[in-house]
Structure formats: C-alpha cells, structure tokens
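Me: I would like to learn how to read the features of a model, one kind at a time. Could you give me the general idea for each, and then the case at hand?

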Amino acid sequence: MASDRVVRQSLERPATTYNGFVMLLVGLGLIVLGAVGALNAPVHPWGIVLLSVAGVALLLVSCGFYLLQPNQAAAILLFGDYRGTDRTTGLRWNWPWLTKSKISVRIHNITSERLKVNDLRGNPIEIASNVVWRVADTAQALFDVDDYKAFVMVQIESAVRAIGSRYPYDDFTHEEMTLRGNADVVSEELRVELQERVASAGVQVDECRLTHLAYAQEIAQAMLRRQQAEAVIAARQKLVEGAVSMVETALAQLSEKNVVELDDERRAAMVSNLMVVLCSERDTQPVVNAGSLYQ
C-alpha cells in the first residue's frame, strides 16, 4: 500500500513520429484518388468506394499534422499513456488519436522577489536572486509535477531563504564566509541547492546570481553605524600595530648604532612622543626643547 502512494518517476524517451512533408504528399495523392473516384462514381460502383476510402484517409492524414519550433518539444500520449517525446523541428505528423502536449525547452530567466530573511547571526536582511533555467526532461516536467513553472518559483524562494540563513551578511574580521564578501561562492552553492530541489521536475539550473543584498530597513541605519564603528576600530588597530613596530625599529637602531643612550625615563618619553606622532589623526607640531629633559 505504501508503494502505491509514491509518485512514479517519468523518464523522457524519443517518440516515433513522421515527416510532415512526406505525409503532405500522401494527402495530395489522396485528393487525386478522391477526384478520380468522384469522376467515376456515376458510371462505376468502385468509384464510390474509392471516393469514400480516399475521403476517410484524407481526414485521418489532415488531423495528424503539427508544428514544432526550434527548442520546442511535444510529448506524445496514447489515451493518457506516455509514448515518447518528439524534439524534431518543422512540420511533423503522427496518428490523429495520439495527443501532442507541447512544451518549451528554451532558456528561462527569472528574478525572484526581494525576500526578508534572518542571516546566520539573526540579522534581518533583504535578498533576491536571478536564476537561469531550462527544461531538460520533458516527461518529468509534464507528468511528475502539477505545474513545473510554479514549482520552480516556489523552490527558488525556498533555496534563497535557505542560503540566506546559512551565512552572515558581513564579517570585518574576514574569518568566515559571508553573503557580501563571497558572492560567487554563495551563488554557486545556491545553484547546487536549487538544482537538487528541482531535479524531480526535470529542470536544469544553468546559473544563479544574487541580484539584491542589503540589511532590512528597520536595522539598516543601526547596522551602518555598526559597520562604520567596526571599520574605525579595525583601522585604528592597524595603525597602532604599525606604530608599535616603527617605534621598536627606531629604538633598536638607535641602540645598535650608539646614536644616543637612553635611560628608562627618556625611553618612555621617546616612545610616548613617537606614538602620538604616528597615531595622531592630525599633523603634529614639533616643540623644540632648548633645555634638558628634566628642566
């Protein structure tokens, strides 16, 4: 009983169809035979038979034509049973009692709506993606899902939400992957995630790209100030690290070359002056001391 509730997976296979131009010649031949029968019907009984047979055959032939444009396919069904897919373009023909369900296998381009998602740190963000996809298996697209286009749209939203909550929006320490700093990697992971979700519908995802990424409006200003503060802290930290390195180098070279001998108090004063000069945001003004350090 459990197996009866499982959706039977379809698989595309080529259908047996015929060249429409050949059948068009057959139809013209039937018209000629019907005309011959009509001319001989008043004189010979076989003329009526020939006219009737040619008329019925011409009706069957004329009802079996259909057209396929480039990158278009037709699924052939016999009373609801899938008989194969015709991908040959041009004028085609098949038996009239076979149903032809046309489906486009062209490339589709969809941009999702802006979705509000909480990132890995719980911050609400707005995210949207552009997806390039196409139908790879017509049988799965037509028979395994109710509406394959609506199915793809729902899965795009689901995949974008999943990826958006998997990473933080930004990280100034550059220690982890983020949505803003690793857009290419995130887009590729989104493509893989989406491909797994739409594979059951016979859909092939060719490309995914994030088209919109921003903090939600209710926290945008606060996060902007936070980013500015973190940027200032990071810049000052770099500045201090560089200043300390320069001071160490200056003191080491002064000692090695015996330019001046510094006791602990003079060394502390020199370090203080150098740190002020190197870390100050404004140009420092030198003050010349005409006396000694202790005056």
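Me: Let us start with pairing between strands: which residue in β5 is the bridge partner of Tyr66?
Reply: Strands here are DSSP runs of E with at least two residues, helices are runs of H or I with at least four residues, and both are numbered from the N terminus; two strands pair if DSSP finds at least two bridges between them. In this structure the bridge partner of Tyr66 in β5 is Arg92, and Leu67 has Leu91 as its bridge partner in β5. Before we go on, please keep in mind that this is a predicted model, in which local features need pLDDT of at least 70 and side-chain atom pairs count only at pLDDT 80 or more, while totals for chains, interfaces and linings use all residues. Residues are numbered from 1 along each chain as its sequence is written, and side-chain values use heavy atoms, with hydrogens and water left out.

Me: How many bridges connect β2 with β5, and in which sense do they pair?
Reply: β2 and β5 (residues 90–93) pair in the antiparallel sense over 4 bridges. They belong to an open sheet of 3 strands in the order β1-β5-β2, with antiparallel pairing, and its edge strands, each of which pairs on one side only, are β1 (18–19) and β2 (65–68).

Me: Which residues of β2 lie on its covered face, and which on the uncovered one?
Reply: The covered face of β2 holds Tyr66 and Leu68, whereas Phe65 and Leu67 make up the uncovered one.

Me: What is the order of the strands in the sheet that contains β3?
Reply: That open sheet has 3 strands in the order β4-β3-β6, again with antiparallel pairing, and β4 and β6 (98–104) are its edge strands, each pairing on one side only. Neighbouring strands of this sheet are turned by 25° against each other on average, direction ignored; for such angles, axes are lines fitted to C-alpha atoms, for helices over the stretch in contact, and angles run from 0 to 180 degrees between N-to-C directions. Strand β3 (residues 72–78) pairs with β4 in the antiparallel sense over 5 bridges, and within β4 it is Gly84 that stands opposite Ile76.

Me: Turning to charged side chains, how many salt bridges does a search of the whole structure find?
Reply: Side chains of opposite charge can pair when their charged atoms come close. The criterion is a side-chain nitrogen of Lys or Arg within 4 Å of a carboxyl oxygen of Asp or Glu, and a search of the whole structure finds 11 salt bridges. One of them joins Arg87 to Glu12, with the closest N and O atoms 2.7 Å apart. Because Arg87 lies in the loop between β4 (81–86) and β5, and Glu12 in the segment before β1, the pair ties together parts that are 75 residues apart in sequence.

Me: Where do Arg191 and Glu188 lie?
Reply: Both lie in helix α5 (residues 183–198), 3 residues apart, about one turn of the helix.

Me: Finally, how many aromatic pairs does a search of the whole structure find?
Reply: Rings of Phe, Tyr and Trp (its six-membered ring) pair if their centres lie within 6.5 Å, and planes under 30 degrees apart count as stacked, over 60 as edge-to-face and the rest as tilted. The search finds 5 aromatic pairs. Trp95 and Trp97 form a stacked pair, 5.2 Å centre to centre with 5° between the planes, and ring pairs link Tyr18, Trp93, Trp95 and Trp97 into a cluster. Trp95 is partly exposed at 37% relative accessibility, as is Trp97 at 43%.

Definitions and conventions: Buried means under 20% relative accessible area, exposed over 50%, partly exposed in between (1.4 Å probe, protein chains only).
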